[in-house]
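Work through the exercises below with the sequence and the model at hand. Each task is followed by its solution.

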Amino acid sequence: MNPDTTPALAASSPLTRYRLAPNPGPMSLDGTNSYVIGEPGHPAAVVADPGPADERHLQELAGTGSVELILITHRHADHTAGAARLHELTGAPVRAADPAHCLAGAPLLPGETIAAGGTEIRVVATPGHTSDSVCFHLPFDGASGSVLTGDTILGRGTTVLDHPDGRLSDYLSSLDRLELLGPATVLPAHGPVLPALDAVVRAYRDHRLDRLAQIRAALSDLGGDAGVTEVTNVVYSDVDPSVRRAAENSVAAQLEYLRTLRDRT
């Protein structure tokens, strides 16, 4: 979907609409999905992940009605760069887990319930992609609810662990936490909407465990102290150069995880 050729906002669930920011790339896929949360007919709304500092994109989000709150799933610039300008346009406070990304609003707390947009938004701490990653659970969004997953779960592909800030042990725990939310609709920050969060989580976990098995096999051949570059050359031998650094970050996170387990035994 291209913001220049489609309506400003597209429906994504009963309580959400989204606008695709014009920032496609190897890491952002088609671009960042900025969500507008609100009960239909309610006079105020919430914007989650304003996206890049693109004026047209931010003007469109600001023009959706009375924006009372701006939420951030995590610190990366493709989610946060437009937050200060959207705050200027709307006066709405910006809240994130990391105080550095808050404006006129308090940091988000794990397990917190926010009443805004005529509905309930529950904060789920999901570190792993980054240490400050959170998801937003909308329990009344359709029959099974929905979850805005940021970059913790993507609409396609898999999530990068931004090591050393992102850690695999945290990420696996976050997947367990999300699976407990059941078959909620997945509203990712990149890629298409997906059904059944619990099923998606299981596929993500299987992928991570498969990668760990591949890394163990590579270490068996290369030696237990092989470095990130050597292991990436084996496990991600066909990766596109544009995402090579991301692959190395994920390998680093997985090596840390495996070596921590080794050192405990």
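**Exercise 1: a loop residue**

Task: Determine whether Gly65 is buried, partly exposed or exposed.

Solution: With a relative accessibility of 42%, Gly65 is partly exposed (buried is under 20% relative accessible area, exposed over 50%, partly exposed in between; 1.4 Å probe, protein chains only). Gly65 belongs to the loop between helix 1 (55–62) and strand 5 (66–71) (DSSP runs numbered from the N terminus: helices are H or I of at least four residues, strands E of at least two). Its C-alpha lies 6.9 Å from that of Ala45, 20 residues away in sequence.

The model is predicted: local features need pLDDT of at least 70, side-chain atom pairs pLDDT 80 or more, while totals for chains, interfaces and linings use all residues. Residues are numbered from 1 along each chain as its sequence is written, and side-chain values use heavy atoms, leaving out hydrogens and water.

**Exercise 2: aromatic rings**

Task: Find the aromatic pair and classify its geometry.

Solution:
1. Searching the whole structure gives one aromatic pair (Phe, Tyr or six-membered Trp rings with centres within 6.5 Å; planes under 30 degrees apart are stacked, over 60 edge-to-face, the rest tilted).
2. The ring centres of Tyr18 and Tyr35 are 6.0 Å apart and the planes meet at 40 degrees, so the pair is tilted.
3. Tyr18 is in strand 2 (residues 16–20) and Tyr35 in strand 3 (residues 33–37), so the pair ties together parts 17 residues apart in sequence.
4. Tyr18 is buried at 15% relative accessible area, and Tyr35 is buried at 3%.
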